[in-house]
Amino acid sequence: MAIQDVWNRLRQFDAYPKTLEDFRVKTFGGAAVTIVSSIIMITLFISELNFYLTKEVIPELYVDATRGEKLKINMEIVFPKMACAYLSIDAMDISGEQQLDVDHNIFKRRIDKTGTPISEAEKEELGKKEEEESEKKEEDQKEEKKVLDPNRCESCYGAETADLKCCNDCESVQEAYRRKGWAFSDPSNIEQCKREGFAEKMQSQKEEGCEVFGYLEVNKVAGNFHFAPGKSFQQHHVHVHDLQPYSGGKFNMTHHVKTLSFGMEYPGMENPLDNTKIIDVKGSSMFQYFVKIVPTTYTKLDQSITRTNQYSVTKHEKQVTTSFSTGEHGLPGVFVLYELSPLMVKYKEVNRSFMHFLTGVCAIIGGVFTVAGLIDSMIYHSAKAIQKKIELGKAL
Ligand SMILES: *[C@@H]1O[C@H](CO)[C@@H](O)[C@H](O)[C@H]1NC(C)=O
């Protein structure tokens with residue numbers, strides 16, 4: 001008796017009182033609304049499910065407290081109008097000292113006018129270039145050894161200094177001129193250069209382009225690296241490029257940055273300079289890229305961490321007159337000046353909340369069901385009203 005009572009009381013809480021099956025009417029309008037609303041429901045459910053299955057990436061900002069890390073600069077840049085023989089690559093850090101000890105893997109590859117490679121990639125030696133070249137030359141000169149006295153002492157054309165009294169090849173004459181701060185303007189008058197075919201070598205490559213690719217590993221402090229025509233050297237602690245023997249006019253510093261990044265890739269990484277083509281319209285232009293590097297870590301769902309960097313960049317361009325350029329008025333070339341941001345961004349991948357997904361699904365089902373019910377009853381009642389009017393019209 002008491003149990004029956006409880007049941008009856010409980011029944012009062014039913015928010016869904018049922019009507020008897022017999023009083024229900026099934027209409028075509030209702031069927032159409034049901035089909036349409038089911039399609040809508042399924043579509044919304046699928047989109048909600050898709051959203052749930054993607055990962056959420058949460059960015060956070062920190063002050064960069066990491067120390068002593070290296071910065072890896074990956075690059076692939078094409079200079080369609082600059083021959084490899086003309087182009088030199090240097091890297092310097094904030095102290096202004098040339099970085100002779102950076103770990104690098106930069107290669108240069110000669111390309112022809114159409115952009116097809118015409119030589120094997122050659123490793124570029126920053127700073128150490130001279131020794132290597134003179135080694136190569138020694139090999140080249142092996143056949144000439146019979147003709148040339150190894151103990152000879154040739155003229156430096158007035159540029160002799162205390163520690164460089166003899167200039168036995170074109171390279172040393174250039175070096176002597178450099179030390180004096182003289183312009184090395186006319187290699188055709190210099191015996192050593194004529195013998196080595198210096199001018200011919202320069203001439204033969206005049207029409208070529210150069211592709212530079214590889215990576216540099218530098219200290220994580222502000223610095224710069226640049227691609228500029230001419231041999232670089234230090235003069236009174238100033239970084240100077242000797243342009244004269246190469247020039248004969250203008251340099252076309254048109255360049256195509258295929259990729260430039262500062263570290264490993266992470267999902268969704270964007271490098272603003274990738275695939276940019278810059279045309280040097282006036283010739284002998286100086287392109288400066290001011291790069292702000294933002295250290296970034298990316299933590300995947302499996303907790304693997306990628307330490308890398310993003311960057312933003314602003315570009316500055318100006319035309320410079322080529323002469324024995326000391327950099328005062330600028331130097332034709334492509335200069336990348338980078339700085340590090342003190343703030344770092346941490347990205348973290350997380351799964352989306354299952355509870356949110358559930359809430360979403362309920363909202364979709366309930367919402368569509370309710371709205372469909374409203375539409376259905378509207379259709380049903382207006383149909384009924386119209387029918388009534390027609391009947392009335394017939395009766396009259
Ligand atoms: C440099 O080369 C580019 C592309 O090859 C060309 O469009 C541009 O006019 C050249 N600039 C000069 C100054 O010759």
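Predicted model: local features only at pLDDT ≥ 70, side-chain atom pairs only at ≥ 80, totals over all residues.
Where in the protein is the place of Asn 275? Asn 275 has its place in the loop between E10 and strand E11, which covers 276-278. Although Asn 275 is not a glycine, its phi is positive, at about 55°. Asn 275 has a relative accessible area of 60%, and because exposed means over 50%, we call this residue exposed.

Is Ser 284 buried or exposed? Its relative accessible area is 3%, and since buried means under 20%, Ser 284 counts as buried.

Let me now step back to the protein as a whole. Its secondary structure comes to seven helices and 15 strands, and of its 396 residues, 39% count as buried. If we take the contacts between residues at least 6 apart in sequence, 74% of them join residues that are at least 24 apart. The protein exposes about 24,300 Å², and carbon and sulfur atoms supply 58% of that area.

Next comes the interior. In soluble globular proteins, nonpolar side chains tend to be buried together. In this model the largest nonpolar core has 35 residues, and those that touch the most other members are Ile 73, Met 75, Phe 79, Phe 225, Phe 227, Leu 260 and Phe 262. Several strands each supply at least two residues of this core, among them E3 (87-93), E6 (209-219), E7 (223-229) and E14 (333-340). Which strand gives the largest share of this core? That share, five residues, comes from E2, the strand that runs over 70-79.

If we leave aside its neighbours within four places in sequence, Phe 227 is in contact with residues including Met 75, Ile 77, Phe 79, Leu 87, Ile 89, Val 212 and Val 334. Another core, of 11 residues, lies apart from the largest one, and among its members are Ala 159, Tyr 177, Ile 190 and Phe 198.

Glu 211 lies in strand E6, and because buried means under 20% relative accessible area, its value of 7% makes Glu 211 a buried residue. Beyond its neighbours within four places in sequence, Glu 211 is in contact with Glu 76, Ile 77, Val 78, Cys 84, Phe 107, Lys 108, Arg 109, Ile 111 and Lys 258.

Finally, let us turn to the ligand. Which residues surround the ligand? They are Lys 81, Asn 252, Thr 254, Ile 279, Asp 280, Val 281, Lys 282 and Gly 283, and this shell divides into two nonpolar, three polar and three charged residues. An N or O atom in the side chain of Lys 81 is 2.9 Å from an oxygen atom of the ligand. For Asn 252, the distance from a side-chain N or O atom to a ligand oxygen atom is 2.4 Å, while a polar side-chain atom of Thr 254 lies 3.3 Å from an oxygen atom of the ligand. On its own the ligand has 360 Å² of accessible area, and the protein covers 56% of it.

Technical notes
Residues numbered from 1 in each chain as written. Heavy atoms only, no water. Core = buried A, V, L, I, M, F, W, Y, C linked by side-chain atoms within 4.5 Å. Buried < 20%, exposed > 50% of the residue type's maximum accessible area, 1.4 Å probe, protein only. Helix = DSSP H or I, 4+ residues; strand = E, 2+ residues; numbered from the N terminus. Contact = heavy atoms within 4.5 Å. Near = heavy atom within 4 Å. Polar contact = N/O pair within 3.5 Å; in protein donor to acceptor, adjacent residues only side chain to side chain. Areas by Shrake-Rupley, 256 points an atom, 1.4 Å probe, with all protein chains shown as cover. Nonpolar A, V, L, I, M, F, W, Y, C, P; charged D, E, K, R; others polar.
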